Amino acid sequence: MSTISPEGRSASYRGQHVVVVGAGVVGLGVAAEAHRRGHRVTVVEQAAGVVGSSVQNFGHVCVTAQAGQARAYALAARERWLALGAAAGFRVARTGTHVVARTAAEMRLLAELAEQRGDDEVRLLDAGDVRAVLPVRPDAVVGGAFLPLDLQVDPRSAAPALAAWLEAHGVRFLWRTAARAVSTGRVETTRGTLTADLVVVATHHDLDRLLPDVAAHAGLRRCRLHMLRVRPGSRIPLTTPLLTGWSTVRYAALAACPSAADVAAELAAADPDGAAWDVNLMTTPQEDGTLILGDTHVRDVDAPVFQDEAGYDVLLRLGTDLLGRDDLRVVERWQGTYATAPDREVLLAEPEPGVHVATLTTGIGMTTGLGLAVEVLDRAGLDHVEPDRAEPAPGA
Ligand SMILES: Cc1cc2nc3c(=O)[nH]c(=O)nc-3n(C[C@H](O)[C@H](O)[C@H](O)COP(=O)(O)OP(=O)(O)OC[C@H]3O[C@@H](n4cnc5c(N)ncnc54)[C@H](O)[C@@H]3O)c2cc1C
């Protein structure tokens with residue numbers, strides 16, 4: 001086995017060598033943070049570019065709906081998105097999120113969250129407000145909320161733009177190179193062996209292929225989702241991500257509210273098909289006038305690629321009803337896959353000294369991944385060895 005040459009070491013390098021396995025938003029977040037702290041960073045990625053969940057998603061940085069540790073990660077990630085977007089030149093939009101309530105119980109649930117969080121985070125809207133700002137079927141509206149902290153990025157281009165910026169600023173990327181084994185100080189890859197002071201494994205659901213015992217111990221599996229991109233016959237004036245009652249029963253902060261059980265029961269009774277597909281009906285508007293519309297959830301060890309058309313039918317029916325439009329033309333369908341595990345949102349582990357695993361185990365990595373990355377390096381004790389490498393201030 002050959003040893004990969006240490007080229008890429010910059011003349012000004014004074015820190016440790018951090019090897020990150022996986023170039024999704026988590027691995028890129030770790031690379032960005034280690035680079036910012038002044039260390040030499042190599043990213044090992046089996047694909048030729050960013051192809052995992054980090055480009056399969058809605059691009060919704062859904063800060064407000066998170067709870068507990070995930071909320072802390074999300075708040076940190078929000079700042080990192082704004083700083084990195086400004087530095088790397090990709091769009092991070094301060095859109096906020098709208099949530100539409102279509103029953104009294106859904107409205108009650110939003111009021112319960114507003115009571116906890118206050119007006120800075122959750123602004124309740126009455127039916128008239130919602131009809132004025134949201135292109136939803138007007139007769140179905142009871143009220144809603146605006147969540148001003150949330151952000152939106154373009155899911156297809158944000159993570160790839162971050163990777164390109166890091167590569168241009170001294171982070172070495174070994175594309176089309178798979179890690180075959182990791183151990184203290186070593187990463188064996190399909191192109192040779194790397195030596196490292198710190199190894200971070202950010203392989204997401206494929207953790208079960210690299211470190212099967214760690215994955216098995218956490219009960220890690222795959223969750224596969226139906227996703228659609230639709231083009232309406234004429235532009236729909238939606239300018240923010242839009243969540244529905246189906247969303248409110250799954251994000252931790254909302255799901256913990258007293259009325260969540262009523263909302264879940266109501267949805268299951270009103271639409272058993274949607275409930276059977278474990279739908280989270282939500283949409284994000286894209287700059288080209290299309291909407292990303294999703295999603296369904298099926299959990300299993302593997303994620304076979306065959307997507308039952310019935311899942312797409314349910315999404316299209318629910319999306320048509322939500323928006324009150326029957327001119328949604330499907331222009332893309334895909335299967336998204338993310339890691340899932342019982343009773344946890346994140347899997348952090350150190351299976352060997354200096355080998356750290358960072359895996360989100362629910363679908364919130366675009367919201368929390370960049371914040372999780374900071375936490376992983378703090379836990380690993382990776383100090384700043386020089387003043388932070390320059391990144392423009394958030395919002396600059
Ligand atoms: C359909 C869908 C919608 C979603 N919507 C949202 C949303 O709107 N907001 C939100 O917050 N979250 C959302 N998520 C979740 C979010 O996208 C994920 O949590 C996040 O992208 C996970 O990032 P990651 O870096 O861990 O994984 P990934 O992006 O999957 O990256 C892991 C990388 O590791 C590489 N890899 C694996 N094994 C190896 C190996 N042995 N050697 C080298 N490389 C390896 C893979 O090729 C891959 O590139 C969604 C997810 C899906 C699927």
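**View 1. Residues around the ligand in a predicted model**. The ligand is surrounded by 35 residues, each with a heavy atom within 4 Å of it. Glu45, Ser54, His60, Ala179 and Thr367 are the closest. The model is predicted, so local features need pLDDT of at least 70 and side-chain atom pairs pLDDT 80 or more, while totals for chains, interfaces and linings use all residues. Numbering runs from 1 along each chain as its sequence is written, and side-chain values use heavy atoms, without hydrogens or water.

**View 2. Make-up of the shell around the ligand**. The shell holds 14 nonpolar, 19 polar and two charged residues. Nonpolar means Ala, Val, Leu, Ile, Met, Phe, Trp, Tyr, Cys and Pro; charged means Asp, Glu, Lys and Arg; the others, Gly among them, are polar. Helix 1 (25-36), strand 14 (221-232), strand 19 (328-340) and helix 13 (365-379) each give at least two shell residues. Helices (H or I, at least four residues) and strands (E, at least two) are DSSP runs, numbered from the N terminus.

**View 3. Polar atoms at the ligand**. A polar backbone atom of Val26 is 3.0 Å from a ligand oxygen atom. For Gln46, a polar side-chain atom lies 3.0 Å from an oxygen atom of the ligand. Gly363 places a backbone N or O atom 3.1 Å from a ligand nitrogen atom. These are polar contacts (N or O pairs within 3.5 Å).

**View 4. Helix 3, residues 104-117**. Its 14 residues should span 20 Å at 1.5 Å a residue, counting one less than the number of residues. The end C-alpha atoms are 20 Å apart, which agrees. Gly118 follows helix 3, with a positive phi near 80°.

Methods
A polar contact is a pair of N or O atoms within 3.5 Å; within protein, one must be able to donate a hydrogen and the other to accept it, and residues adjacent in sequence count only if both atoms are side-chain atoms.
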